Amino acid sequence: MQIEQMPMSRPHYQRGRKGRVRMIVLHATAGRGPGDLNWLRIGGSESRPVSTHYYISKQGRIVQLVDDANTAWHAGVSRWQVDGKQVSGCNTYSLGIELENLNNGRDPYPAAQYAAALWLCRSLVTRYDIPRNQLVRHLDIAPGRKSDPAGFPWQRFVNEVYSEVQAPPPTPPELVVQLQAHLLDLAYRSAGSGISAGWPFFTLAQQAKLGMPVAAPSARRATLGTAQDDQDRGIPLADAGIFVVEIYAGDLLYAPVAELAEADPSQVQRLSQTEAGPLRDALLELLFRHADPVNGYRPDWAHHQYVLKNLDNLGVPIGPNQRLTISNGKAYVCQHFAYDSLCSPVPNWKTIYRLSDLHAVVAGKRSIPGMTIAQATLLRRSLLDSLYREQAGRQFEEQATLVRYALDKKLGAPLGTPEEVEIGEAHFLLMPFAKDVVACRLPRAGWAYDRPVPEGTPINGLVATLGDESSDAIGHLSAYVSGSQHLPGTVTGQLLGQALAQPRIHDLSRWYDTPQPPQVIEQIILWPTPGPLASDLALPVVDFWHYYIQRDGTITRLRETPSTNANMIIASEGDLNHASPRQRSSLAWLLRILHASSAFDLSQVRVGVPR
Ligand SMILES: [Zn+2]
């Protein structure tokens, strides 16, 4: 982290100090930035001069206004026990830190601000050897007169400032073997599958460096109560036989069901090396349809031709072609791939921007005709927001340690939600990406993802444990924790962005219709479907559906507003009585949103296929 120096414009402080720095006092500005910072910078008013040594914004920006060696006027009338002696007038002995906050007890202190305050207090406590009871709040030293910083989680904060959090040691080799099993397990679970020892698809994917598994499509779903086996997963393709298909980040792999018992990677074929013909067309349709159930593969689309030519650097599609409206009001159509994302401005379909190009523009390494750096920055940010929301269920937080690591190491798209595992005495945060699954050692169990990890925290990855590289540790997160990497801006210190309460939503409505004026919803009908989504969309009744909720909770928006009978129809994959918890919570979320936006009566919700 860094401290920005911003000298005061009026000398409303005292040069030098009569005592040594023995205390740290935290305040809240009872205002909003940047107004509160400007007020501090001019030193308040002439009749009530004020000053502080440090100011921390809600975004975690740390500004120093008065040098530590000078006395700032922040504490006012105050008393405290300092090194065993009762003193009055704490300014003489203290450093003041103002936190941007309304001080009403409800205004939150965001994770970035908390992390910055933690980092600053830790370094000041160390530099001046401040004992635990001399890190105080303004309300502690001026009781009855001051209430700041109201609502700040004080006990937790003091504990964290004084907890000697050490970076955990590198993972011992005997744990790396177990860790590898967990990483593999997460990689395949994120793709909706499992892995057995010596699985020939995985062997080939590793040999050919095709990255992590993305999906394991199957022809039909397992019937309730029976385990799906490899035979069940077989997909009949173009009269060429029945195949098991697995999609990896870099290619689609397939093998005849009959040959799988051999566990021989030479039986496994790659889509990219398959000759043109009916089988290749069927595989392409499967690959695209899996990511984009509405469009599938369109050989006539310039967009899809582009994808096929660039499969090795784009990776496979991992989401549908969907509408993305960014905050300046511009509309794009975008699609995420395992290694990159594509988008086109509406309606200039032939213009294709790549996320990787936008990275380069933002870094000042290239330019795109007709696009300013500000536009590129906004578009890049919107694409990454959409990618992290959909794939990881979390906000994209550029400055979060693991996010910076993944961007810097070019690990591609996140492919699932993070999870914590305990192996032996060690705790890890595991997170799947297109090129690797990473494991970040946590200082202890239940470590909040919005807390910074200590410098030197070891990080392992599945690819390194499979290769010849020294497998005890592939690296540590120091550079990303301390913020010495080249990415601009302050470091929040958190590991990952916030988890989202909102379900994953795909907006496919533009493929079906154009926006219509909103109508009053008279009735909502919940329509159970046989599933899965791809085959449901082939049903003629799809024309009546507005939303579709998958078993995994994904909401697909098919139409803008009720167009017939003022009925809103929400199709739901499978029997509602056996809906998964995520499907139920997505449905509840959608009903709440609709209720709030179009004022329908909740008693007007009907279940069943209308006649
Ligand atoms: Zn105060």
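This is a predicted model: local features need pLDDT of at least 70, side-chain atom pairs count only at pLDDT 80 or more; totals for chains, interfaces and linings use all residues.
Residues are numbered from 1 along each chain as its sequence is written, and side-chain values rest on heavy atoms, with hydrogens and water left out.

The zinc ion is held by three protein donors, namely His-27 through ND1, His-138 through ND1 and Asp-148 through OD, which lie 2.1 Å from the ion; donors are N, O and S atoms within 2.8 Å of the metal (3.2 Å for Na, K and Ca), and as water is not among the atoms, sites may look incomplete. Along the chain, the donors follow the spacing H-x110-H-x9-D. His-138 belongs to helix H3 (residues 138-141) and Asp-148 to the loop between H3 and helix H4 (154-162), so this pair ties together parts that are ten residues apart in sequence; helices (H or I, at least four residues) and strands (E, at least two) are DSSP runs numbered from the N terminus. Both His-138 and Asp-148 are buried, where buried means under 20% relative accessible area, exposed over 50%, and partly exposed in between, with a 1.4 Å probe and protein chains only.

Among the strands, S16, S17, S18 and S19 form, in that order, an open sheet of four strands with antiparallel pairing, two strands being paired if DSSP finds at least two bridges between them. Strand S16 (322-325) and S19 stand at the edges with a single partner strand each, so one side of each is left without a neighbour in the sheet. The antiparallel pairing of S16 with S17 extends over four bridges, and Gln-322 has Cys-334 in S17 as its bridge partner. Helix H8 (residues 302-309) lies across S17, S18 and S19 and runs at about 155° to S18, while helix H11 (residues 373-392) lies across S16, S17, S18 and S19 and runs at about 50° to S17. Contact here means heavy atoms within 4.5 Å, and the axes are lines fitted to C-alpha atoms, for helices over the stretch in contact, with angles from 0 to 180 degrees between N-to-C directions.

A further antiparallel pair consists of strand S20 (residues 419-423) and strand S21 (residues 426-432), joined by five bridges, with Val-421 opposite Phe-428 in S21. S20 and S21 form a hairpin with two residues between them, and Gly-424 in the turn has a positive phi of about 60°. In helix H12 (residues 401-408), six of the eight residues are buried, so the helix is largely enclosed by the rest of the structure; the buried residues include Leu-402, Arg-404 and Tyr-405. Lys-410, which follows H12, has a positive phi near 50°.

A search of the whole structure returns 17 salt bridges, each defined as a side-chain nitrogen of Lys or Arg within 4 Å of a carboxyl oxygen of Asp or Glu. One of them joins the side chains of Arg-32 and Asp-107 at 3.2 Å, N to O, and links distant parts of the chain that are 75 residues apart. Arg-32 counts as partly exposed at 40% relative accessibility, whereas Asp-107 counts as buried at 9%. Another joins Arg-354 and Asp-340 at 3.0 Å, N to O; Arg-354 lies in strand S19 (residues 353-354) and Asp-340 in the loop between strand S17 (331-336) and strand S18 (341-345), so the pair ties together parts that are 14 residues apart in sequence, and both Arg-354 and Asp-340 are buried. Arg-366 and Asp-357 also form a salt bridge, with their closest N and O atoms 3.2 Å apart; Arg-366 is partly exposed, with a relative accessible area of 38%, and Asp-357 is partly exposed at 21% relative accessibility.

Phe-243 is buried, with a relative accessible area of 6%, as is Tyr-254, with 5%. Tyr-388 and Phe-396 form a tilted pair, 5.2 Å centre to centre with 50° between the planes.

Technical notes. Rings of Phe, Tyr and Trp (its six-membered ring) pair if their centres lie within 6.5 Å; planes under 30 degrees apart count as stacked, over 60 as edge-to-face and the rest as tilted.
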